[in-house]
Every structure is written in structure tokens, then in C-alpha cells.
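Colleague: I would like to learn how to read a few features of a protein model. Could we go through them one at a time?

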Amino acid sequence: SLHLIPWALGIVLSVVVLVAKQLVPGTWGCWFGNTQYPPDCDSAETCVRGWNSTYYFWPIFVVILLAPSYVMWSMYLVYSSIRRLEKRMASYASASPDERRNRRNSRKVMEQSLLFSSALLLTLLFAQVEIFINELGNPIPIWIH
């Protein structure tokens, strides 16, 4: 079920953008944004793609911003599940109370989850900043590329 939401959201948003003819050449790949195609068009009659893309941009940009939050929430669910399992197993163990409190596996999962979420945030940060700056119509700074 954790995979169903991202897959469904990605497919639905892709189909909506494609059917609405909002997919245009972007700075780093095909994207939708404030770029019209062909570049010199100025109305819905002369533009082949990209006209009124702002209506589609902001909802999808919010979804892209929320994606790392969803990943962090999913990682927390995995961590809490393993921690509950370790607590239940420790209650049946014949070890000392200090050894029962040792939660090595859940600690490893927590560290790996934090590292993965941090790497995802760092990776998406530059792409999100570039997309946002491009949508505002400003030139992209060299440090983002």
C-alpha cells in the first residue's frame, strides 16, 4: 500500500498533463511550466502546447514538495513497526533488563531512514529550486545546474 499512492499519483498527474497538452521542453527535460511551444506563441490559438500551464503547475509543484514528507512518513512507519516487534520479542527473552532495552535493529533502520530521507531532500532541493525559479520567469543561477 505504500507504493500504491506514489504510483497512482505519478500516473494520474502524467496523464492529466499529457492530455491537457501542457508538456513542453524544459531546462533539464520535458516538463510543464511557463514555457509555451512554439516559443513565439501568445494565445491558445497559436500555441501547440503550454498555454495556461500555471493552472497545472502549482498543484503538481505542491505534490513534488510533499513527496519527501511522504517518504519520511513511510520510513517512520517501517521504523516504528520494527521497534514494536523488538519490544514484543524482548518481553519474551530471558535476558537482563539492560539487554532487553537494546534495540539494535530498529536503531539501524532509524539511521538508514534518516540518511535516505536526507539524501532525497538534498537531491530534490536543487531541482525544486530550479523549477520554482523557472516558473517565476527568472534566469537560472549557475550554481543550480
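Colleague: How many residues has helix α1, and what does it span?

Modeller: Helices (H or I, at least four residues) and strands (E, at least two) are DSSP runs, numbered from the N terminus. The expected span of a helix is 1.5 Å times one less than its number of residues. Helix α1 covers residues 4-19, which is 16 residues, and from its first C-alpha to its last it reaches 22 Å, close to the 22 Å expected. This is a predicted model, in which local features need pLDDT of at least 70 and side-chain atom pairs count only at pLDDT 80 or more, while totals for chains, interfaces and linings use all residues. Residues are numbered from 1 along each chain as its sequence is written, and side-chain values use heavy atoms, with hydrogens and water left out.

Colleague: Which residue takes a positive phi just after α1?

Modeller: K21 does, with a phi of about 55°. K21 sits in the loop between α1 and β1 (24-25). Its relative accessibility is 48%, so K21 counts as partly exposed; buried means under 20% relative accessible area, exposed over 50%, and partly exposed in between (1.4 Å probe, protein chains only). K21 and S53 are 32 residues apart along the chain, and their C-alpha atoms are separated by 9.1 Å.

Colleague: Which residues form a nonpolar patch on the surface?

Modeller: A patch is made of residues with over 30% relative accessible area and no salt bridge; like charges are joined within 9 Å, and nonpolar side chains (Val, Leu, Ile, Met, Phe, Trp, Tyr) within 5 Å. Here the patch consists of W7, I11, V15 and V19, and together they have about 460 Å² of accessible area. Accessible areas come from the Shrake-Rupley method with a 1.4 Å probe, and for residues only the protein chains shown count as cover. I11 is placed in helix α1.

Colleague: How many aromatic pairs does the structure hold?

Modeller: A pair of aromatic rings is described by the distance of the centres and the angle of the planes. Rings of Phe, Tyr and Trp (its six-membered ring) pair if their centres lie within 6.5 Å; planes under 30 degrees apart count as stacked, over 60 as edge-to-face and the rest as tilted. The structure holds two such pairs. In one, the ring centres of Y70 and W73 are 5.9 Å apart and the planes are at 45°, so this pair is tilted. Both residues lie in helix α2 (residues 54-92), three residues apart, about one turn of the helix.

Colleague: Are Y70 and W73 buried or partly exposed?

Modeller: Y70 is buried, at a relative accessible area of 18%, whereas W73 is partly exposed, at 45% relative accessibility. In the other pair, Y76 and Y79 have ring centres 6.4 Å apart and planes at 50°, so that pair is tilted. Y76 and Y79 are also three residues apart in helix α2, about one turn of the helix. Y79 counts as buried because its relative accessibility is 15%.

Colleague: What salt bridge does a search of the whole structure find?

Modeller: Side chains of opposite charge can pair when their charged atoms come close. A salt bridge is a side-chain nitrogen of Lys or Arg within 4 Å of a carboxyl oxygen of Asp or Glu. The search finds one: E111 with R107, whose closest N and O atoms are 3.5 Å apart. E111 is partly exposed at 41% relative accessibility, and R107 is partly exposed at 48%.

Colleague: What pattern does the protein chain follow along the sequence?

Modeller: The pattern is α-β-β-α-α-α, with four helices and two strands in the chain. Of its 145 residues, 23% are buried.
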